Amino acid sequence: MVNTIPPANPIPVAPSPAELLARLFPTPALPPSVLAPARLPNAGPGPTAALLKTLKDNHERSHVFFNYYSFHNHAAHHLLAIWALGASGPLITAAYEDTHLDHMRDAFQAPDHVVISEDNFHDYLGDENYYNAYLDYFHKVVLAPGATISSTLEKYIFSSEYNINNFLASGKQQPEMLNRFVEILIHPLIHAGYGAEFGLPGMLAEGLAQASVHPARATVFVSRLLFPGNPDSQYRPKSHVHALTILSQMLVDSRFWTRSLEKHEFEAMLVSHGELINSYAEMWTCEINSQEDFSRHFEELVWASTLMYGVGSWDGESEEYRADFFTMHIVTSCLFLPSLCAHLSYRSQSLLLRAHFLASITWWLVRGRPALPLRKFFAAPLAPLPSPAHFKYATTLPGALPQPAACALLGGDSPHAVTPNVWYPILQSTIIHPNEHLCKCQRALAHFAILYGHREAGFMSEVLSSSPAISCPDTPLLLGGLELAEGECKALETPEWEFLDGSVFLRVAWLTGAALGWVREGEPNTGAWDYQEFERVALERDELEAKMNA
C-alpha cells in the first residue's frame, strides 16, 4: 500500500459526451483466444444493458483508488465477472449500487489542470492525483484512428521507450511501465486484461492510466531483469526449467522465511533478497516463439498460481482455510494472460509471462512461502461426496437440498444426482455473493478446470522428470535489508508432485466458497476478503507508526 496526499480542493471532472462513452464501452466482444474463458448465457439483452450502464457510470464517477491507501476500485471487475457468469440485469445493478458506490471516491481533475502529453508523460508517473489526466490521455490513444489493443500495449507496456529509455532527458524518471503494470497485486494487468478479453477500449484506457499512477518499487525485479535482461547470468539455464521445479527449490532454500511479512518489510526485502529472487526468476526462461510455446508456459503458470494460493492457504482438513487475499490475486491475474497475449508479439508475450511469474513468486514469499502438502490435501473426499464430521468445511452444501425423482440417473439418493455438477452451485452462490473478489477467483478456477481438469495423478511427476535439475543459487544476501529473527527462516519439504491432479481447481474453489460463505444457501458473508478489514488494519498501522515517530 502507498499512502497518498489528496489535493486540497479537488475539482470534479466534467461529464463526457455520450458518444465518447459509447465508443469506450461498446457491446463486449467474443474472447480473443481459445485459452480465454468462455461466457455463460445471460437472460436476453437486459444484463448487457445493465453492464454497459454501470461501467460507464463508474468510469465517469469514481477514482481508480477508493481511499488513500491505494485500495483499488474493483467495481468494473465485479460487474464484468458476474456478467460473464450469466448474472441477470438486476443482479448487475445491485452489485454496483449496493457493494461499491457507498465507499468510492469521486473522480477529480488533475492539479493545475495538467494535461498529459507525450512530452510530459514521465513527469507525473506514480502520482494518483493525476489519474484522470492520464485517463484523458489514454482516451485519445485507444480511440485514435488505426489504434488497436496490440499497438497500444506494445508501445506503452513493452517498448524500451516506456520502460528503460536510454535516450530520456536528464532528470526525467524512467517510465518502467511493465514494472507498474504488475505493481500492487498485479491490478493494472487485471484491469487492462478485462479490456483485452471483452474488447472494451474504456477498460484498456483505465488499466493503462491505473498503471501510470502506480509506483515502480520493484525496479530491482521487473525493470532491471527484463530491460534489457541479463542473458549471461550464471543462473539462466540452457534448457527451460519448469515453474514448479523452481517452486520446489525455493521451498528448500533456508534463506527464505515462513511467516507473512509486514508492510514496512517489503522494501527491506527488495534490498536484501531482491537479487536472490531474481536468480530464481531467471531460471524460468520462457522464450515464446509459437502458440505451442505460449500454451505450455501458460499451463505452468496456472498450476503454479493455483498451488501458491489454493494449497498454500490450506493448513489441514480441521483448520480454517486462510483463502490468502494476496496470493489469490496471482490466480485472478493469470486468467487474463491469454487475452492479453492474443494481442502481443512473441517477444512481449515472453516479457509479460516472465513479469507475472516474478511478481507471483515475490508475493508468495511475502506471504511466507507456505508449504504444499499435496498428499494430505488430495486425501480429502471430493465434493459432492460427504466428508467426515471433523472436517472444518463439509464437502456437501448447507441447507435443504433437491430431492431427485427415483427415475433420475443413479437414483434419487445418490449425491451425484443431488449435485450433478458441483461447479453449478459454486458459481450460482458466487454470482450473488457481495464480495467482489470471489467471482473473479471462482471464474478463474472454473476456467482452469475446463482447460486442465482432466490431468491425472502422476502427470506432473512425468512432466518434471524432463525439467533440468537445479540447486539453490549462491547469490549472496545484501546487508541493510530484511532482518529476521532466528528460526524464522528454514527449509521446507519438497512437494510430492505425484499426488497432484486436475481436481485441484474444484477443491480450491470449494474451500474458497466455503471460507467466504455459501450465501445462496443461506450462510452469511464471512467477511474474509471485505475491504473494511484491510482498511482497519491500515489505519491501525498508521496510528502505531505515528506514535512510534512522535
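The structure is a predicted model.

Glutamate 19 and arginine 23 form a salt bridge, with the closest N and O atoms 3.9 Å apart. That distance falls within the 4 Å limit for a salt bridge. Both residues belong to helix H1, which spans residues 18–24. Because they are four residues apart in this helix, about one helical turn separates them. Arginine 23 counts as partly exposed, because its relative accessibility is 39%.

A second pair joins arginine 105 to glutamate 128. Here the closest N and O atoms are 2.7 Å apart. The pair links distant parts of the chain, the two residues being 23 residues apart. Arginine 105 lies in the loop between helix H4 (89–99) and helix H5 (131–143). Glutamate 128 also lies in the loop between H4 and H5. Arginine 105 counts as buried, because its relative accessibility is 9%. Glutamate 128 is buried as well, with a relative accessible area of 2%. The cut-off for burial is under 20% relative accessible area.

Arginine 520 is partly exposed, with a relative accessible area of 45%. Glutamate 521, by contrast, is buried, at 16%. Elsewhere, salt bridges that share partners join Arg259, Glu265 and Glu488 into one network.

Burial was also examined along a helix. Helix H6 covers residues 149–158. Seven of its ten residues are buried, so H6 is largely enclosed by the rest of the structure. The buried residues are Ile149, Thr152, Leu153, Glu154, Tyr156, Ile157 and Phe158.

The structure holds zero disulfides. Cysteine 439 is in no disulfide; the nearest cysteine sulfur belongs to cysteine 441 and is 9.7 Å away. Cysteine 439 counts as buried, because its relative accessibility is 1%. Cysteine 407 is exposed, with a relative accessible area of 72%.

H19 gives the most, with six residues. By class, the lining of the second largest pocket has 17 nonpolar, eight polar and three charged residues.

Four cavities of 30 Å³ or more are present. The largest cavity holds about 210 Å³ of space. It is lined by 17 residues, of which Ala380, Pro381, Thr395, Arg507 and Leu511 are the closest to its centre. Helix H22 (residues 504–516) gives the most to the lining of the largest cavity, with four residues. This lining divides into twelve nonpolar, two polar and three charged residues.

The second largest cavity has a volume of about 120 Å³. Its lining consists of 13 residues. Val182, Ala218, Phe266, Ala359 and Trp363 are the closest to the centre of this cavity. H8 and H16 are the elements that give two or more residues to the lining. The largest share, four residues, comes from H16. Nine nonpolar, two polar and two charged residues make up the lining of the second largest cavity.

Note on methods: Residues numbered from 1 in each chain as written. Predicted model: local features only at pLDDT ≥ 70, side-chain atom pairs only at ≥ 80, totals over all residues. Heavy atoms only, no water. Salt bridge = Lys/Arg side-chain N within 4 Å of Asp/Glu carboxyl O. Buried < 20%, exposed > 50% of the residue type's maximum accessible area, 1.4 Å probe, protein only. Nonpolar A, V, L, I, M, F, W, Y, C, P; charged D, E, K, R; others polar. Disulfide = S-S within 2.5 Å. 1 Å grid on protein atoms, 1.4 Å probe; cavity = no way out; pocket = protein on both sides within 12 Å on 5 of 7 lines; lining within 4 Å. Points joined across faces, edges and corners; volume = space filled by probe spheres on them.
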